[in-house]
Amino acid sequence: MNAELFIIGSGGHGAVVAEIARAAGWTVAAFIDDKGERQGQTVLDWTVIGDRQAVPDGAAVALAVGNNAERLGLLFWAESRGLDLPVLVHPSAAVSPSARLGAGAVVMAQVAVNARTAIGRACILNTSCSVDHDCVLGDGVHVAPGARLCGHVEIGAAALIGVGSSILPSLRVGANSVVGGGSVVVADLGDNVTAFGNPARVRV
């Protein structure tokens with residue numbers, strides 16, 4: 001693969017995504033960032049050439065912004081422009097051939113995605129997390145490093161599953177919710193809540 005890819009987001013997460021893209025065979029063209037103070041800077045081997053308006057028509061882009069709401073906004077913008085949103089998978093990740101990955105998803109090093117799991121658009125499966133069989137993740141979900149999702153788990157759109165947390169089988173975490181790092185989820189969580197602890201409890 002020699003197609004050029006523009007990385008939208010030039011922070012630390014963007015640097016990781018750029019290296020994944022290169023490892024997956026893409027030619028990274030440049031970084032894009034709407035933050036004016038970053039434009040013109042060099043990140044790794046590439047320059048931040050401008051804001052999103054600098055992306056050429058028909059280009060391929062990677063959405064390398066960690067904030068779920070911002071990343072979903074970029075997804076809708078990219079789709080409205082007809083841009084290509086490839087799935088990026090680090091070569092060390094293990095993804096079942098029966099799993100489905102939505103447009104713009106990024107799968108980082110040492111991730112496991114097991115049979116019949118469906119990953120939504122613009123999701124981040126961060127380093128060394130695992131998503132077991134028959135899970136369903138909505139658009140814009142971020143599963144942080146080392147998190148573990150057991151089988152038949154459902155995660156609503158734009159939810160954040162924190163570092164090293166665990167979700168027991170057949171549970172649901174609602175849209176826009178946050179599971180704190182190191183938590184163990186033993187019961188369903190609704191939309192728009194923050195829960196942490198072992199067992200995880202909703203906090204005000």
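Which residues of the largest nonpolar core touch the most other members?

## The cores

Leu125, Leu137, Val143, Leu149, Ile155, Ile161 and Ile167 do, out of the 30 residues in that core. A nonpolar core here is a set of buried Ala, Val, Leu, Ile, Met, Phe, Trp, Tyr and Cys residues joined through side-chain atoms within 4.5 Å. Buried means under 20% relative accessible area, exposed over 50%, and partly exposed in between, with a 1.4 Å probe and protein chains only.

Take Leu125 as an example: leaving aside neighbours within four places in sequence, Leu125 is in contact (heavy atoms within 4.5 Å) with Val106, Val107, Met108, Val111, Val113, Ile119, Val131, Leu137 and Val143. Another core, of 20 residues, lies apart from the largest one, and its members include Ala18, Ala21, Trp26 and Phe31.

## About the model

This is a predicted model, in which local features need pLDDT of at least 70 and side-chain atom pairs count only at pLDDT 80 or more, while totals for chains, interfaces and linings use all residues. Residues are numbered from 1 along each chain as its sequence is written, and side-chain values use heavy atoms, with hydrogens and water left out.

## Helix H1

Helices (H or I, at least four residues) and strands (E, at least two) are DSSP runs, numbered from the N terminus. H1 covers residues 12-23, and its 12 residues should span 16 Å at 1.5 Å a residue; the expected span is 1.5 Å times one less than the number of residues. The end C-alpha atoms are 17 Å apart, which agrees.

His13, Gly14, Ala15, Val17, Ala18, Ile20 and Ala21 are the buried residues of H1. Just after this helix, Gly25 takes a positive phi of about 105 degrees.

## The parallel sheet

Six strands form an open sheet with parallel pairing, in the order S7-S10-S13-S16-S19-S22. Strands S7 (94-95) and S22 (184-185) stand at the edges with a single partner strand each, so one side of each is left without a neighbour in the sheet.

Two strands pair if DSSP finds at least two bridges between them. S13 (residues 130-131) and S16 (residues 148-149) run parallel and are joined by two bridges, with Ser130 opposite Arg148.

## Rings and charges

The structure holds one aromatic pair. Rings of Phe, Tyr and Trp (its six-membered ring) pair if their centres lie within 6.5 Å; planes under 30 degrees apart count as stacked, over 60 as edge-to-face and the rest as tilted. Both Phe31 and Trp46 are buried.
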